[in-house]
Amino acid sequence: MPLPTEPIGSIPRPLSLLEAIAVAGDGADPSLDSLYEEAIRETITALEATGSPVISDGEQRKYQNFLTYPVHGLPNMAPDGFKIPFTGHVRRMPRLTQGPFRYNRYADSYLDVAHKYAHVPVKQAVISPSALSLMYPPEGIEGYSRETFIDDLLREHETEVRRCLEKGAHKVQIDFTEGRLAVKIDPSGNLLHSFIDLNNLALSRFNAAERKRIGVHTCPGGDRDSTHSGDVDYAELLPSLFELKAGNFYIALAGEKDPLRVLKIIRKCMRRDQTVFIGVVSPIDPHIDTPEEVCERVLQAAEFIPLDQLGTTDDCGFSPFCDDTSTTRETAFAKIRARVLGTALAAETLARR
């Protein structure tokens with residue numbers, strides 16, 4: 001039986017596209033549309049050439065990042081929001097200045113273009129409600145309560161996920177990279193639990209069949225070859241993570257110092273109705289994995305996760321922030337090819353046992 005394998009999302013953008021965005025000064029400039037479409041077409045062609053049975057559009061059109069694409073360009077956003085402390089640098093989220101909270105774009109618009117070129121199923125990544133909740137300022141907004149903001153946020157998230165499902169997304173992946181960071185910010189666990197509760201409010205709006213097509217991705221972040229929470233013990237996150245009402249979990253593992261320990265935690269915490277896609281290649285590691293190395297990681301995971309609940313993925317996207325050029329497109333595709341071939345090799349090995 002083949003093991004499922006899926007990407008996380010982002011692929012480094014062509015340098016020509018990044019240069020054109022810089023010249024335009026605005027990633028939404030209509031003059032860039034043909035360059036975006038060509039980058040998407042090239043990315044899908046290259047991903048299919050790796051043999052990947054499921055692909056993404058490489059997030060080529062998320063010209064800011066995986067995080068704030070729904071709200072970029074809105075007039076009620078200021079640039080001085082929540083700080084994301086990566087090792088060696090800081091990213092900032094926008095800050096909501098007034099209500100109401102609305103998305104400026106939904107991710108199903110990316111699917112419209114991807115489906116024009118794809119010959120295999122396409123998954124779509126969306127950002128979590130808990131991540132976007134960090135845009136609401138701690139001091140509040142006069143005339144727009146946090147409670148009203150949360151209602152608006154949940155409605156917008158549900159709308160986005162439903163639109164992606166209705167347009168035939170193979171899976172809708174909710175990016176929850178802030179989960180591990182929450183433990184670093186608040187070791188008491190209160191912030192993490194509030195994130196879990198908020199995301200479950202969103203997931204509860206979908207029925208059991210829909211949740212089988214919804215997944216959650218967690219990682220310690222990956223930007224310019226650094227993380228924001230790689231030093232946080234997975235044991236502080238995973239028990240809460242598996243409380244989420246999703247059918248699929250994409251868990252960064254290849255970059256962990258002690259993957260065996262993490263697998264033991266996963267075995268203890270996962271439920272029978274959940275599929276776990278373990279990360280078998282690390283985008284921030286410059287080493288290009290071999291299929292044999294990937295195979296060994298899969299075989300190790302199979303000792304702890306039932307085969308009918310096991311899949312493979314990448315630890316993270318290869319360029320979640322579009323200006324991150326620390327990994328080349330060639331390296332990204334080579335690592336993905338190794339993931340696909342190594343997963344198939346592991347499935348063949350397991351079938352002979």
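Four bridges join strand β8 (residues 248-251) to strand β9 (residues 275-281), and the two run parallel. Strands pair if DSSP finds at least two bridges between them. Helices (H or I, at least four residues) and strands (E, at least two) are DSSP runs, numbered from the N terminus. This is a predicted model: local features need pLDDT of at least 70, side-chain atom pairs count only at pLDDT 80 or more, and totals for chains, interfaces and linings use all residues. Residues are numbered from 1 along each chain as its sequence is written, and side-chain values use heavy atoms, with hydrogens and water left out.

**The chain as a whole**

- The secondary structure comes to twelve helices and ten strands.
- The radius of gyration is 19 Å, close to the 20 Å of the globule rule for 353 residues, so the chain is as compact as a globular protein of that length. This radius is taken over C-alpha atoms, and the rule is 2.2 Å times the number of residues to the power 0.38.
- The C-alpha trace spans about 65 × 45 × 40 Å along its principal axes.
- Of the 353 residues, 58% count as buried. Buried means under 20% relative accessible area, exposed over 50%, and partly exposed in between (1.4 Å probe, protein chains only).
- Among contacts between residues at least 6 apart in sequence, 79% join residues at least 24 apart. A contact means heavy atoms within 4.5 Å.
- The accessible surface comes to about 14,300 Å², and 53% of it belongs to carbon and sulfur atoms. Areas come from the Shrake-Rupley method with a 1.4 Å probe; for residues, only the protein chains shown count as cover.

**The sheet**

- Six strands form an open, parallel sheet in the order β5-β6-β7-β8-β9-β10.
- β5 (124-127) and β10 (310-314) are the edge strands, each pairing on one side only.
- From one strand to the next, the twist averages 30°. Axes are lines fitted to C-alpha atoms, for helices over the stretch in contact; angles run from 0 to 180 degrees between N-to-C directions.
- Helix α5 (residues 146-166) packs on the sheet and touches β5, β6 and β7 (214-218). The direction of α5 makes about 175° with that of β5.
- Ile251 has Ile278 in β9 as its bridge partner.

**Strand β7**

- Five of the five residues of β7 are buried, so the strand is largely enclosed by the rest of the structure.
- Ile214, Val216 and Thr218 point one way from β7, while Gly215 and His217 point the other way.
- Four parallel bridges link β6 and β7. Val172 stands opposite Ile214 in β7.
- β7 and β8 also pair in the parallel sense, over four bridges. Tyr250 in β8 is the bridge partner of His217.

**Gly222**

- Gly222 sits in the loop between β7 and α9 (238-241).
- Gly222 counts as buried because its relative accessibility is 8%.
- Beyond neighbours within four places in sequence, Gly222 is in contact with Phe86, Ile284, Cys316 and Pro320.
- Leu47 and Gly222 are 175 residues apart in sequence and 20 Å apart in space, C-alpha to C-alpha.

**Helix α6**

- Six of the eight residues of α6 (residues 178-185) are buried, so the helix is largely enclosed by the rest of the structure.
- The buried residues are Glu178, Gly179, Arg180, Leu181, Ala182 and Val183.
- Their cover includes β2 (83-86), α4 (129-133), β6 (172-175) and α7 (190-203).
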